[in-house]
Amino acid sequence: MYRGREGQWAWVLHRLSGLAILAYLLVHVISISLFMFGEQAYMAVHHTYELPIFSLGLIAVTAGVVYHSLNGLRIIVMDFTGMGVLYQRQMFWGVIALTLLATAYTSFVVIGRLLGGEA
Amino acid sequence: MIRARTFTDARQQAHSNAELNWWIFMRISGLILVFLVLGHIYMTFIQVSEADATYIAVVNKLQQPAWKFYDWTILALSLLHGVNGARYSIEDYVRSRPNRAWVKTIFYTISGVIFTLGSIGLFSI
C-alpha cells in the first residue's frame with residue numbers, strides 16, 4: 001500500500017503542506033500583531049502586501065490549506081473506519097481533484113481582481 | 001511518534017498515554033480547523049481583497065467579541081496542531097539526541113513567543 005505509491009505521495013504532500021502552513025501562520029501572526037504598535041507600523045508592512053506577488057503567494061497558501069484539510073479528512077476516514085484503508089487510493093485522487101478545483105476557483109477570483117486593477 | 005493506520009494500531013503503538021492523546025488531538029483539532037481555517041481564508045481573502053485588511057478594518061473586526069473568539073480559537077488550535085506536527089518532523093529528521101533537544105527548545109520558544117504576541121494583540125483591543 002505504501003512505498004512509492006499514492007499513499008506515500010499523500011504523506012509527503014501532507015507533511016510539506018503542513019510545515020509550509022505553519023511557517024506562514026507564524027509570520028502571519030507577527031504581521032497582524034503589528035497593529036498593536038499603531039497604524040503606521042501596521043500599514044508600513046501591509047502596503048507591501050499589495051504587490052501582486054503576495055496575492056499569488058496567498059493562492060499557494062490556500063491550495064496548501066485545502067490539500068492539507070481534505071487529506072486530513074482522508075486520514076481520519078482511514079483511521080476510524082474499516083473501509084477507509086481499502087479506498088485510500090481513490091480518496092487520494094479525489095483529494096487532488098478537489099484541491100485543483102478549489103485552486104482554480106481561487107485563482108479565477110483573485111487573478112481576475114488583480115487584472116481588474118483592485119489589488 | 002505513532003505510525004499507525006488505524007485507531008487500534010495507534011493504541012497498540014503508543015508508548016505513553018500522552019502520545020496517544022496527541023494522536024487523537026491531531027484528528028479532533030484537524031476536523032475543527034477544516035471549518036475555521038477554510039472559513040477564515042474564504043472570508044478574508046477570496047470574498048474580499050487582501051488589500052482590504054487595512055489597519056482600521058482589522059481593529060474594527062477584532063473589537064467584536066465573536067471575531068476575537070473565532071480568531072483566538074484558530075490561533076490556539078492551529079498552533080498546537082502545527083507545533084505538534086513539526087515535532088513529528090523534528091523527531092523523524094533530527095537524529096542526534098542533543099541536537100534534537102536544542103532544535104525543539106528553540107522551536108518551542110519561538111512558537112510560544114508568537115502565541116503570546118498574538119493573544120496579547122487580540123485581547124489588547
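Tutor: Helices (H or I, at least four residues) and strands (E, at least two) are DSSP runs, numbered from the N terminus. This is a predicted model, where local features need pLDDT of at least 70, side-chain atom pairs count only at pLDDT 80 or more, and totals for chains, interfaces and linings use all residues. Residues are numbered from 1 along each chain as its sequence is written.

Student: What makes the pattern of chain A α-α-α-α-α?

Tutor: By the DSSP runs, chain A has 5 helices and 0 strands, and reading along the sequence gives that pattern.

Student: How do you know what the radius of gyration of chain A says against the globule rule?

Tutor: The radius is taken over C-alpha atoms, and the rule is 2.2 Å times the number of residues to the power 0.38. For 119 residues a compact globule would come near 14 Å, but chain A has 18 Å. The C-alpha trace of chain A spans about 55 × 30 × 25 Å along its principal axes.

Student: What share of chain A is called buried?

Tutor: Buried means under 20% relative accessible area (1.4 Å probe, protein chains only). Of the 119 residues in chain A, 40% are buried.

Student: Why is a set of residues called a nonpolar core?

Tutor: The name applies because its members are buried Ala, Val, Leu, Ile, Met, Phe, Trp, Tyr and Cys residues joined through side-chain atoms within 4.5 Å. The largest such core has 17 residues, and A:Val65, B:Val37, B:Ile41, B:Phe45 and B:Ile74 touch the most other members. α2(B) gives the most to this core, with 8 residues.

Note on methods. Chains lettered and ligands numbered in written order. Heavy atoms only, no water. Buried < 20%, exposed > 50% of the residue type's maximum accessible area, 1.4 Å probe, protein only.
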